[in-house]
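Here are my notes on the model, point by point. Have the structure open while you read.

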Amino acid sequence: MAAAVLTLVPTLLLIQRSKALKSSSLGSRIEDLSTNVQNAVESQTSTATSTGNYSPSHYGVDYSFPIHRIEDFSIDKEDDPFDSTSKRMFYREFMHGCRTKYAPEGFLCDDTEVERLEMNLRQPSSMRNYTSLGFQKVRAPEKLMELLTNFWNKNFKNEITSETWNKGNTYTNHWSSPTMMLNIEDSSLTGGGEHLRTAVWDASKIMLEEWAGVELSPSSLYGIRVYTGGAVLAPHVDRLPLVISAIINVAQDVDEDWPLEVYGHDGEAYNVTMDIGDMVFYESHSIIHGRPFPLAGRSYANVFVHFEPIGHSLLHGVEEYEDEQSLEYLYQQAWARRQLKCADIECQSQVDLNVHEKAPHYILPGSLEERRWMQTHPKTRLSNKNLMVTSYNAHAAASIGDLDSLMAMEELKPESIKKVDENGWTPLHEAARGGHVEVVEYLLDRGLDINQRTHKGKGGSPLWWAKKIHGNDHPVVKYLKEKGAKNLKPE
């Protein structure tokens with residue numbers, strides 16, 4: 001099956017991104033990875049060409065699988081490239097399997113399908129597009145693949161677990177072809193944990209920012225997901241804020257290629273095949289994508305990395321600010337950087353309370369999706385500029401070691417650096433978890449409780465969080481111990 005003609009963008013801000021990677025806590029390993037990413041980005045033209053010059057498959061929606069309307073899928077078409085009778089029979093068996101699996105609540109399967117089709121119809125036309133075609137295939141950086149391959153080889157035989165799906169979910173036929181999971185964030189697995197997670201984030205971010213031309217903030221990272229024989233993935237668009245995304249193929253044991261079907265911004269269907277080490281970039285919020293053809297083989301293992309654009313376009317330069325030290329500017333920058341540093345689900349789930357009364361810029365103004373977004377998101381914009389300094393400002397700044405911002409916030413509103421968020425976290429917890437000794441020292445000097453626990457007194461102390469993330473030998477752990485901190489673990 002055919003893949004795609006790939007559109008390239010110029011190399012942008014590569015040196016700056018590379019330097020940012022080199023400042024990571026992974027030290028020399030990430031410096032090597034940074035160099036490898038730089039080489040990968042600079043050679044995108046040759047890399048893309050090596051995957052072939054391809055053309056679209058010349059069929060539209062509702063041919064391979066129901067994508068917009070089941071009724072259109074159910075009728076014969078003169079130009080149908082598939083055996084339409086067999087495809088319809090397969091889909092009937094697909095739905096029957098789901099309804100049987102979740103009986104007596106099999107109706108949930110039909111509800112999921114209705115929602116999937118509605119999203120496929122509504123969401124793409126309401127989204128801003130960042131590239132001309134919407135997807136591109138390249139080779140993943142060699143150093144990153146070494147890390148992922150090492151993790152896979154050392155763990156896949158004994159550590160893979162079954163993936164759990166919500167009741168009635170029809171995005172895969174997990175009732176007949178179960179999906180499995182090998183969690184790269186599990187530090188108990190050889191080669192897994194924070195170092196691998198950070199490597200995937202950093203390598204993907206620099207390449208996707210180059211491709212899409214926008215600065216990105218992490219939204220979701222999961223995998224390694226393992227599809228098994230006979231699996232299909234229903235064509236869909238991803239829920240927001242999964243906007244700019246990548247798939248990395250880590251391993252496969254197949255009898256024939258298992259194509260990723262994508263519908264480009266040109267409206268054509270493309271079938272993109274992947275080898276181990278291939279990486280597909282795609283605008284997951286607006287590009288319908290799936291694998292509607294059953295997997296012929298035994299396994300297919302991918303990592304999925306998702307980002308959200310955080311503002312200005314790198315293609316048009318950084319926005320100018322009249323007062324670059326204004327608290328609003330500091331807040332926006334600190335919050336974005338804080339999200340980049342999230343180390344666990346608890347951190348990622350925290351909500352920015354300074355939400356503006358408008359939809360994200362990747363949703364087109366006046367679109368149906370904008371109206372839906374406004375209806376489903378609380379309008380908590382703070383109209384008084386001075387009120388931009390809230391507990392979340394201080395938390396965000398502390399989490400990424402932004403001492404200058406913290407000092408500015410304290411000068412305007414001293415109590416802001418001592419506030420507790422809805423999860424019981426103070427800026428001191430964030431600074432300790434982030435490993436920022438200078439910020440920890442500053443906050444202790446301002447009177448924050450060195451032993452305060454999160455979650456209404458039942459969570460961990462700053463020292464416990466610092467040790468959990470950084471281990472016993474990190475400078476911030478040593479400093480807290482010198483100050484008499486207690487290692488209070490969650491109850």
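1. How many of the 15 residues of strand E4 (residues 214–228) are buried? The count is 12, so to speak of cover, E4 is mostly covered. Buried here means under 20% relative accessible area, exposed means over 50%, and partly exposed is in between (1.4 Å probe, protein chains only). Helices (H or I, at least four residues) and strands (E, at least two) are DSSP runs, numbered from the N terminus.

2. Before going on, the ground rules. This is a predicted model, where local features need pLDDT of at least 70 and side-chain atom pairs count only at pLDDT 80 or more, while totals for chains, interfaces and linings use all residues. Residues are numbered from 1 along each chain as its sequence is written, and side-chain values use heavy atoms, with hydrogens and water left out.

3. Now the overall picture. I see 18 helices and 11 strands in the protein, and 54% of its 491 residues count as buried. Take the contacts (heavy atoms within 4.5 Å) between residues at least 6 apart in sequence: 78% of them join residues at least 24 apart.

4. Back to E4 and its neighbour in the pairing. Strand E3 (residues 180–181) runs antiparallel to E4, and two bridges join them; DSSP has to find at least two bridges between two strands for them to pair. Met180 has Val226 of E4 as its bridge partner.

5. Helix H8 (residues 194–212) passes the length check. Its 19 residues should span 27 Å at 1.5 Å a residue, and the end C-alpha atoms are 26 Å apart, which agrees; the expected span is 1.5 Å times one less than the number of residues. H8 is also largely enclosed by the rest of the structure, because 17 of its 19 residues are buried. Just after H8 comes Gly213, with a positive phi of about 75 degrees.

6. Ser177 deserves a click. It sits in the loop between strand E2 (161–162) and E3, and its 4% relative accessibility makes it buried. Leaving aside residues up to four places away in sequence, Ser177 touches Thr228, Gly229, Gly230 and Ala231. The Ser177 side chain also reaches the backbone nitrogen of Ala231 at 3.5 Å.

7. A few backbone spots to check by eye. Most residues other than glycine have a negative phi, and most peptide bonds are trans. The peptide bond from Ala103 to Pro104 is cis, with omega near 5 degrees; Pro104 lies in the loop between helix H5 (84–101) and helix H6 (107–122).

8. Which side of phi do Asp62 and His455 take, positive or negative? Asp62 is positive at about 65 degrees although it is not a glycine, and His455 is positive at about 55 degrees, again without being a glycine. Asp62 belongs to the loop between helix H3 (44–50) and helix H4 (70–73) and is buried, with a relative accessible area of 3%. His455 is part of helix H16 (residues 454–457) and is partly exposed at 37%.

Terms used: A polar contact is a pair of N or O atoms within 3.5 Å; within protein, one must be able to donate a hydrogen and the other to accept it, and residues adjacent in sequence count only if both atoms are side-chain atoms.
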